[in-house]
There are 2 protein chains.
Amino acid sequence: MASTTTPRLRRSKSVYKIEARKGLERKERVWRPDKPIHRHADSFFSTSSGFTNYRGLLNLCLILLVLSNMRLVLENIIKYGILANPFDWIHLFLEQPYSWPNILIILCMNIFILFAFSFERLFTKGLLSERLGGVLQAINVAILLLYPAIVIYVLHPNPIFSVACLGVVTIVFLKLVSYACVNKWCRDEIKEDGKKNFRRRKSHSVCEANGKIDIHGDIKSTLVSYPDNLNLNDLYYFLFAPTLIYELNFPRSARIRKRFLVKRFIEMMFLSQLMLALTQQWMIPTVNNAMKPLAELDIYRVVERLLKLAIPNHFIWLIFFYWFFHSTLNVVAEVLRFGDREFYRDWWNAETVSRFWQDWNIPVHRWASRHLYKPLMRCGCSKLTGSIMVFFLSAFFHEYLLSVPLRMFKVWAFSAMIGQVPLAYVTAKYKCLQGTMGNVIMWLSLIMGQPVAILAYVHDYYIINFGTLHNQTISVGH
Amino acid sequence: MASTTTPRLRRSKSVYKIEARKGLERKERVWRPDKPIHRHADSFFSTSSGFTNYRGLLNLCLILLVLSNMRLVLENIIKYGILANPFDWIHLFLEQPYSWPNILIILCMNIFILFAFSFERLFTKGLLSERLGGVLQAINVAILLLYPAIVIYVLHPNPIFSVACLGVVTIVFLKLVSYACVNKWCRDEIKEDGKKNFRRRKSHSVCEANGKIDIHGDIKSTLVSYPDNLNLNDLYYFLFAPTLIYELNFPRSARIRKRFLVKRFIEMMFLSQLMLALTQQWMIPTVNNAMKPLAELDIYRVVERLLKLAIPNHFIWLIFFYWFFHSTLNVVAEVLRFGDREFYRDWWNAETVSRFWQDWNIPVHRWASRHLYKPLMRCGCSKLTGSIMVFFLSAFFHEYLLSVPLRMFKVWAFSAMIGQVPLAYVTAKYKCLQGTMGNVIMWLSLIMGQPVAILAYVHDYYIINFGTLHNQTISVGH
């Protein structure tokens, strides 16, 4: 200890001397005829200067990003010319004779919806026991989910339309499950109310309060109670509403804001065309060019192609996110005067993988939390089991949406989703992987995960359908 | 006015109603059996939500920048293999017989330095009149600047060494001008002191104050006064010091910080090799590939090449900035115990073009301000004239450093520098071009200006030296 004190003292003394001399010099030098300018100072990059303002460098990053992508766009146009064609969808629709099964599937869904509705009506009339009704409901939604998969697998229509069709089927499936659950809760509540007096009194007093306001002002409670909600209007409103969970009284906005609606609608139209154009112009040539190195297992070129694919894929994914979760869902909500517009939270700031999955898709997150995670918690499952089950269901539907239309049961999408569980577990465990680092990990898994899966699926698709990767090119119309 | 009031009132009333109903609904809904989750909410991207936290997107930008450049590096290595060779400089040095003129020029500079020193000594001894001495000094520095240009133009040694050599000549020229000016100021001061009594008393009292401190403590004023500074030690210290303006008493640091010195030295070595490698691997192939479209005036491809060149060029420029202004000048300053390390300010945050030019190269800025701009102000010139003269001098030296070694008197560098005057004028005039926008303009002129000049010079170099652009490739060793 003593040995280190002496030099420290010496240094601090010398610092004092320097300070004193500096003051003296400053006073003296200001009078000197050579007009001195130099003074003791550290360079800004030296940590001792304490300078930390690098705001301008962020502008530089953005500029470099724009410039390098402008160059890629130019390079692409020079190489391929204009490949984008906004009317490809229409061609596809008119020339593809097998696209009708998808429309028929969507129309036939009404049968299952009406079945689900009838079960609810029979429950209230006491014509159906809870146990038998539950089994019938389960069979109903199971068939709803299975038969489109079989039809699409057998007839093998255009995969793009099939994915969209199965997406709609999945949404209706989730909605009908929620519809059945919530109505069950209401029936249970009424039965319990019949047993307990206390509860009834409370709901009575609420009704009285409502009544008073009705007399004094024009504010009128319009809340619907079970079983008044059991009509087709209410069910179809729920099926079209931008949410997956059922409620008897959705928050409704006062009026349709026309300017807002027009803005979102224009966004919706423009962005869907932009996504199509970027896919045709940028994604498809890049995927095609990746097939040769993939066939030859040239690892450098595969990585290079992967990185080249990652950028447009991520841009398209970001546009898709905005297009679907902001523009489209807001258009639907505005038309239906649906009040709750929280379709996403600020997942871009997510500092852990699990927060990303909680925030980016609020409708699915709410469904999973309400109808899977919380019931599992109530059954005494651990949080880890709950999370694994949620990711398992999500993985199942990802696989369902991809494997059936492409007619190949690879587990790439499934593994990618299930892989999120250990990733979330690891990032939650280590402090150093949180904060900004966690945000970076989230972005990296998003940017790099998708192109790996895309290349894997396209690779397998060619191997299965043509037996070789050479001289194969895909296009939107195949 | 009245016509707009009514709907406003109606709207505000309806908002009130909504608020009241919301409160009521919230109270009521919390008791309901369907466990409602939805509530009135705006999407985050809607301006009405008031959400503005997009911090995570900045991380995304950085990641995309790193990934896309990683891809470029991979693509480059796949295409060209490893072109970088750290020993190219040595080869160049040993195999190039004409590189000796540059070394001779640098050695001969001592003659001019000694001349400048002798003039100062003769002044103090009264053996040289101010007028004649001034003329001799001007002739001395003019020859110092001119004869290396003639030697290099005639013998045409390797342009890279020539640029470095002319750079050293320019630095010594600027330093000798400053040396002469400051010594002149000191002589003028002494002459005025001889006339006025008041001034002398003041300087006396300062001396007395110094004396007192000498008696009471060990703090000793070591300030040198004219003409004690006129010795070769002092002059050569100034010539090696990392500054362009002369002072009788430079601020000196207390000791050489060895760890700091080693860190900066390693940086200096590593970054110089990195710059060489990036130039060989990335810049030169890109410049070579740009020649064909330039010859064919294929405008799309020229722009594409320009953008492709801009990124590596800007990276190399940034590395050069750090290498020279932080690493190298700090090494020199640390070895010489030179106290003032302010070689640059935070130009990366500059919001106007003129602030960039004031902040990025402090030694030159100080020289221009002290020996050109302020004297011009004192002569009654306007600020605009002063700025134009500074940029004119800067443009002259840029041209001097490039045209002579390349043996072609194009005015690309000159025009680029002079073009900064109207750019600074325009950005200063319009409010909307300041702030972040001004910062973006600064970066863009930096990123895009240099590759345009590089392509212009390389293009002209081939046209002049070979008469054609086809099948020409450059390398570090030519």
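This is a predicted model: local features need pLDDT of at least 70, side-chain atom pairs count only at pLDDT 80 or more; totals for chains, interfaces and linings use all residues.

Visitor: How do I describe two packed helices?

Guide: Two packed helices are described by the angle between their axes and the distance between the axes. Axes are lines fitted to C-alpha atoms over the stretch in contact, with angles from 0 to 180 degrees between N-to-C directions; helices are DSSP runs (H or I, at least four residues), numbered from the N terminus. Take α4 (residues 100-124) and α8 (residues 232-240) of chain B: their axes come within 11 Å and cross at roughly 130°.

Visitor: What does that angle make α4(B) and α8(B) to each other?

Guide: They are oblique, the class left over once angles under 35 degrees (roughly parallel), over 145 (roughly antiparallel) and 65 to 115 (roughly perpendicular) are taken out. The crossing of α4(B) past α8(B) is right-handed, meaning the near helix is turned clockwise from the far one by less than a right angle.

Visitor: Which residues make the contact?

Guide: Contact means heavy atoms within 4.5 Å. From α4(B) come B:Asn110, B:Ile113, B:Leu114 and B:Phe117, and from α8(B) B:Leu232, B:Leu235, B:Tyr236 and B:Leu239. By class, that's seven nonpolar, one polar and no charged residues.

Visitor: How do α10(B) and α16(B) lie to each other?

Guide: The axes of α10 (residues 299-335) and α16 (residues 435-466) of chain B come within 9 Å and cross at roughly 110°, so the helices are roughly perpendicular. Among the contact residues are B:Trp317 of α10(B) and B:Trp443 of α16(B). The contact divides into 14 nonpolar, three polar and no charged residues.

Visitor: Now single residues. Is A:Asn361 buried or exposed?

Guide: Buried means under 20% relative accessible area, exposed over 50%, partly exposed in between (1.4 Å probe, protein chains only). A:Asn361, in the loop between α11 (353-359) and α12 (362-378) of chain A, is buried at 16%. A polar atom of its side chain lies 3.3 Å from the backbone nitrogen of A:Val364.

Visitor: And where is A:Val452 found?

Guide: A:Val452 sits in helix α16 (residues 435-466) of chain A and is partly exposed at 44%. A:Val452 and A:Leu309 are 143 residues apart in sequence, but 9.1 Å apart in space, C-alpha to C-alpha.

Notes
Residues are numbered from 1 along each chain as its sequence is written. Chains are lettered from A and ligands numbered from 1 in the order in which they are written. Side-chain values use heavy atoms; hydrogens and water are left out. Helices (H or I, at least four residues) and strands (E, at least two) are DSSP runs, numbered from the N terminus. Ala, Val, Leu, Ile, Met, Phe, Trp, Tyr, Cys and Pro count as nonpolar, Asp, Glu, Lys and Arg as charged, and the others, Gly among them, as polar. A polar contact is a pair of N or O atoms within 3.5 Å; within protein, one must be able to donate a hydrogen and the other to accept it, and residues adjacent in sequence count only if both atoms are side-chain atoms.
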